[in-house]
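Please walk me through this protein model. I am new to it and would like a short report.

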Amino acid sequence: MVKVGVLIGIKSSESEIAKKTAFNVSSALRLKGYEVVEIPIDENLVENLKREKINIAFISAHGIFGEDGTVQGLLELLGIPYIGSRVLASALALNKIMAKKIFTYEGIPTPRWITLNKKDMEEKDINEILKILESFKFPLAVKPSSQGSTIGFSQVQSKNNILSSLENAFKYDYEVIIEEFIKGKEITASIFEYEEIICFPLIEIISKSKSGIYDYHAKYTPGMSDHIIPARLSPETYKRAQELGIRAHKALGCRHFSRVDMIVEDETEKIYVLEVNTIPGMTSTSLYPEACKAYGIDFPELLHLLIEKVLREG
Ligand SMILES: Nc1ncnc2c1ncn2[C@@H]1O[C@H](COP(=O)(O)OP(=O)(O)O)[C@@H](O)[C@H]1O
Ligand SMILES: [Mg+2]
């Protein structure tokens, strides 16, 4: 019997979601007849991996210490096969600044941005920062480079609020992005790579949070967001968004699955890529399993296909 280790990212600010993803993934795997062992990602990980003698790993982690390439590197070192993106793609995708640089190189549209690090903040005064932002259209979006779940995000309506938003974002990261806020429809593209790379039906997300932002509360509280599948877009825009999703997945060198968050601007129907999630949430109410189901594959089957593929091909 194939033994799968579900490695749980308990050390990031998204640990609660990682546990729920792990629960859903483990149930799906047991349903398919796999032996499953859950192992927390902590300082005992190496010993536990050696003791459990798993055949393959599924990394159930969002954010640092799991989605960022660290655990992938460890598994490479130990020679344990795993599902999902490898070290480099994982690290690039988790760092929104690096990801945006690659999108720009590849001609993948992403909101116009600047980055600031903690050192810049200490050295520059706010007027200098505002000067750099002179040609930017307000509102702006401020967010930590390497967080998920909208943690540390704020929308900035005017120059007066920028400092407090930056201070908030810097609580979570050394590097922060300031980018143009795109007013439009929020959509997400669930990418699946098996024989070829495909994009499942696009999901449109309507957040019921007061600000309209798809924030932590809206993401994880039942009833606080509506998912419309397929997303309500013109056929041309729909097709372009699916293609962009696949291009973003490829640009970062992702493997097996990813979820690409985008916004379609109301005025222009222009599509902007915000980020790529290499380990999207896979809880029972998450977007990725929902898109997978809408395409016609059930989620346990998707995991099974990937495990077989990795065990066959490495
Ligand atoms: N430039 C932007 N314009 C409009 N909304 C944004 C922008 N950046 C982020 N958001 C909002 O914040 C949410 C989280 O941002 P995202 O870049 O996807 O990071 P993460 O999901 O990793 O926290 C998005 O789903 C969206 O609602
Ligand atoms: Mg996102």
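## Model and numbering

This is a predicted model, in which local features need pLDDT of at least 70, side-chain atom pairs count only at pLDDT 80 or more, and totals for chains, interfaces and linings use all residues. Residues are numbered from 1 along each chain as its sequence is written, while chains are lettered from A and ligands numbered from 1 in the order in which they are written.

## Domains

The domain assignment gives domain 1 (3-84), domain 2 (93-109 + 183-278) and domain 3 (113-180). Such bounds come from an automatic or database domain assignment. The centres of domain 1 and domain 3, taken over C-alpha atoms, are 33 Å apart. Six residues from domain 1 and five residues from domain 3 make the contact. Two residues are in contact if their C-beta atoms, placed from the backbone, lie within 7 Å.

The side of domain 1 that touches domain 3 has two nonpolar, three polar and one charged residues. Here Ala, Val, Leu, Ile, Met, Phe, Trp, Tyr, Cys and Pro count as nonpolar, Asp, Glu, Lys and Arg as charged, and the others, Gly among them, as polar.

## Around ligand 1

The shell around ligand 1 holds 17 residues, and the closest are Ala-141, Gly-148, Ile-182, Tyr-214 and Leu-274. A residue is near a molecule or strand if its C-beta atom, placed from the backbone, lies within 6 Å of it. By class, the shell has nine nonpolar, four polar and four charged residues.

Domain 2 and domain 3 both give residues to this shell, so ligand 1 lies between them. β13 (257-265) and β14 (271-277) each supply at least two of the shell residues. Helices (H or I, at least four residues) and strands (E, at least two) are DSSP runs, numbered from the N terminus.

## Sheets

Four strands form an open sheet in the order β2-β1-β3-β4, with parallel pairing. β2 and β4 (82-83) stand at the edges with a single partner strand each, so one side of each has no neighbour in the sheet. Strands pair if DSSP finds at least two bridges between them. β1 and β3 pair over five bridges. Gly-5 stands opposite Ala-57 in β3.

Elsewhere the pairing is antiparallel. β5 (residues 113-117) pairs with β8 (residues 175-180) in this sense over five bridges. Ile-114 has Ile-178 as its bridge partner in β8. β6 (residues 140-144) also pairs with β8 over five bridges, in the antiparallel sense. There, Leu-140 stands opposite Glu-180.

## Two helices

Helix α1 (residues 15-31) has 17 residues and reaches 24 Å from its first C-alpha to its last, close to the 24 Å expected at 1.5 Å a residue. That expected span is 1.5 Å times one less than the number of residues. Its buried residues include Ile-17, Thr-21 and Asn-24. A residue is buried if 20 or more other C-beta atoms lie within 10 Å of its own, exposed if 12 or fewer, and partly exposed in between, with C-beta atoms placed from the backbone. Their cover includes β1 (3-8), β2 (35-40) and α12 (299-313).

Helix α4 (residues 87-94) is mostly covered, with six of its eight residues buried. Its cover includes α3 (70-78), α5 (96-105) and β14.

## A buried loop residue

Thr-283 sits in the loop between β14 and α11 (287-295). It counts as buried because it has 20 C-beta neighbours inside 10 Å. Leaving aside neighbours within four places in sequence, Thr-283 is in contact with Ile-17, Lys-20, Thr-21 and Asn-24.
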